[in-house]
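Here is a short walk through a predicted model. Keep the structure open as you read.

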Amino acid sequence: MSMEHNTPDTDLPNEGDEHKEVLSKDELREQRMPKYRRIIKRTWLLIVAGIVGFFAFFVFLSFGDLPDTKELENPKSVLATEVIGIDGSVLGRFFIENRVKISYDSLSENVKQALVATEDARFFEHSGIDFRALARVFVKTILGGDKSGGGGSTITQQLSKLLFTDNASRHIVERAMQKFREWIISVQLERKYTKGEIMAMYLNKFDFLNDGDGIQAASEVYFGKPQSELTIEEAAMLVGMLKNPSLFNPVSQLKWKRDTTIHRREVVLFQMKNKGFISQVQYDSLRQVPYDGTTFKTKTHNDGPAQYFRGELSKKVQSILNKEQHRKPDGTKYNIYRDGLKIYTTIDPIIQNHMETALVDHMSDQQNKFNKHWKRKRKSPWDYKEKDTSDAEMRARKSKKARMIRESDRYQRMRITMMAEVTTAIEKENDGALLRPVDITRMLKEEKTGKEFAALLKKEYISKKMVKNYLATMKSDTWAAYKKQNEKFLLESKKAFDTPVKMKVFTYENRDFIKDTIMSPLDSLLYHHNFLQLGSLAVDPKSGYVKGWIGGINYRYFKYDHVTSDRQVGSTFKPFIYATAIDNLSISPCMEVYDRAQTIFPEEGQFGLLEPWTPANSDGKYSGELISLKDGLKKSLNTVSVNLMKKLGNVDLVVNLVNQLGIQSDKIPRSPSICLGASDLSVMDMSGAYTAFANKGQYTKPIYLLKIEDMNGKVIYSDQSIPQQAIAENKNYVMVEMLRYAAEGTVQYQHKLKTQLGGKTGTTNDYTDGWFMGITPNLVIGTWVGGDDRWIRFTTIGDGQGSRMARPYFGKVLELIEKDSLPGFGVDAEFEVPQGDIGIELDCEEYQRINQGIDINDPDEFNEEEEEEDEDDWG
């Protein structure tokens, strides 16, 4: 086949070409121009529409779920309330979230630099949105698929997310909407706050986990120090956690997480190096620093010093904040756990620490003696019975043991688990059903005897309405089922409380005060109840400031506060009798009386006795010899105190004095037995009263709360104590000399002290309570030691007297204070001597010379008619 037949003849026109015109390029361009114009116009329309739509979208969002101006100016944040000591240090916090507000100026420079270098390098340049960072993310991450391109969120955006938009949505559209909201809020935040305020708000708001709410708490939790003291590598670790505090957690149980955290810290350090905050040498060194977690410690309300004090403080503060005059401007109540208050107190952390140190030293020794004491008897304080132990007391011990079981968490959990269903059923059938354990016991006894309700009504322990409810419950259809289940519960609970299990208990054997053991729940209740307790208060007698507060031996295991609870005070009350006699009768401490039985008869004085009263000395013996008042006080002879009470002629003079010393009159029995210490008073009462002896006769009410401020520094409440003259200064100085004579030599010798001091011991019947009230020119320390119940005690005076149980603690506290050279507590300080003539003879030799031939025990030598003319003789 010839090739020419396959080759088209290009010189020949195609069929139909003769009908077309050949157009030039210009003519073609002109022909297509309308089409181009339409495309360009539509493109611009799309661009404009996109821009308008973009802004319209943001306008739409601005009317949506966004915070208003008020919310932006006052973003919600749960802040811990800080308890501040007299030196400005933080004693502890009350919190739901352990968050403390830290200002930008107070932020660690290391934290600031690590944060900016890692999270937002242009933080101080942009206005909430970093468009350069967004462009980088778009090009590198979205288009280029480079995951190392970094994020585009600024610190301001992260703050807006924490405060207003963190809804953790997984839907892509919702996440996009959330991101747009963040942008809007970020711009608004930038207009409302400075850069420093934004940074501080972000770090304060972030949750670092493990009760590390905010940078301050996180620093304390993970490194055991305030954030201002963080080192570079420590700051880098915390800033590294901002990306994901769960993943990058240095105290995770998982090793790979801990390793990841160290690597994340290295990334932060690398960024700090790149941004010029640290050098290459620093980077190479810091990246090698290990973190072993030894400084990690979660925070609770029980952490820190003065735990008993803070427990009582919270009650007082909440009581104050409930009053209308101490509420917020809008009338709502402040919340001690959420509103970031600052509570300024009088507690001196140094004195508090010394008191807590002395507590462990003294009480571990006392407990060791106590345990050996009862081991020798081969009995428990719960079972021991002496000749004068009544059946009523033995029943009380048994009842207390049962109550301890019922009130325990273990018992309550078992009761809820086993009794909830039948309880609900019987309550549905009878709205007035009373189903406490005591109610069940009463109804069961009534079924058995038919006399229980009548006996309880007679004693007025129950009302007729309660009886009606009891009877209705007992007649209900579900009562039989309830009794059956209750019987099963009692058997199961008894078995549970008698079965040994692994548990942790209190101990003095280590400084954590916890040990692992195997013990039955019942034995653990008795074990803990057999610990002796201590309550002590240190007060500045001039200002009334409470410097230290010990409410018990360990707040974790023993919550009951023994500073505010009443106990019989014993002979520590006797100085009030002496002070009343000296103040009213101007008698000298050198005056002598016979140490022999003293009787107050029914018709004698204004005591209102119905029969003669003749108390004996504590040992039941009388020397029969003359003894001076100051020796009578030192030896705590009851005969001398009764003698003085007889001379006073009534109880009211004593009651009036102690009332001026801050003790409520209704706490003092109208009986001459008060001269032996029959009153029940608290350590707070006694410490306050003794301030007068140390402060020239002026009573200064103890205070421990100075002021409360809100989170912005506005004072909500304030308090001060004003001294009031209760005892004439010259008469009070006589008491100071007597108290010094009673205690100074012994305490100074035993503890090698230089401080001037005085005091009085106290011991109650059966050695149940041991007291020592000590005074110095700058400090009053009241101390009580004993068991939570009367039978938790020593049984001999050798161990159970106040001079053994309480006085050594006072000496140990002063010993620590002297060694510390505490400012404001000078060992050279002296009790101030009144100017001029005191008017009462303190020199006993001179007194004896002046009063030779006068029988001070003859009633005719001492009566009101002759008091004025014989004043010099008695002085």
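Why does Thr-423 count as buried? Its relative accessible area is 16%, and buried means under 20%. Thr-423 therefore falls on the buried side of that cut-off. Find the residue in helix α15, which covers residues 409–429. Then look at its partners. Leaving aside residues up to four places away in sequence, Thr-423 touches Leu-435 and Tyr-482.

Several kinds of side chain are buried here. Among the buried residues of α10 are Val-268, Leu-269 and Met-272. The list also includes Lys-257, Arg-264, Arg-265, Glu-266 and Lys-273. Thr-261 is buried as well. What covers them? The cover over the buried residues of α10 includes α3 (109–119), α9 (232–241) and α11 (280–286). Just after α10, check the backbone at Gly-276, where phi is positive, at about 85°.

Now turn to a helix pair. Helix α21 spans residues 574–585, and helix α25 spans residues 683–694. The two pack at an angle of about 35°, and their axes are 11 Å apart. Their crossing is left-handed. From α21, the contact uses Pro-575, Phe-576 and Ala-579. From α25, Met-686, Ala-689, Tyr-690 and Phe-693 take part. By class, the contact of α21 with α25 has seven nonpolar residues.

Methods:
Residues are numbered from 1 along each chain as its sequence is written. This is a predicted model: local features need pLDDT of at least 70, side-chain atom pairs count only at pLDDT 80 or more; totals for chains, interfaces and linings use all residues. Side-chain values use heavy atoms; hydrogens and water are left out. Axes are lines fitted to C-alpha atoms, for helices over the stretch in contact, and angles run from 0 to 180 degrees between N-to-C directions. Helices (H or I, at least four residues) and strands (E, at least two) are DSSP runs, numbered from the N terminus. A crossing is left-handed if the near helix is turned anticlockwise from the far one by less than a right angle, and right-handed if clockwise. Contact means heavy atoms within 4.5 Å. Ala, Val, Leu, Ile, Met, Phe, Trp, Tyr, Cys and Pro count as nonpolar, Asp, Glu, Lys and Arg as charged, and the others, Gly among them, as polar. Buried means under 20% relative accessible area, exposed over 50%, partly exposed in between (1.4 Å probe, protein chains only).
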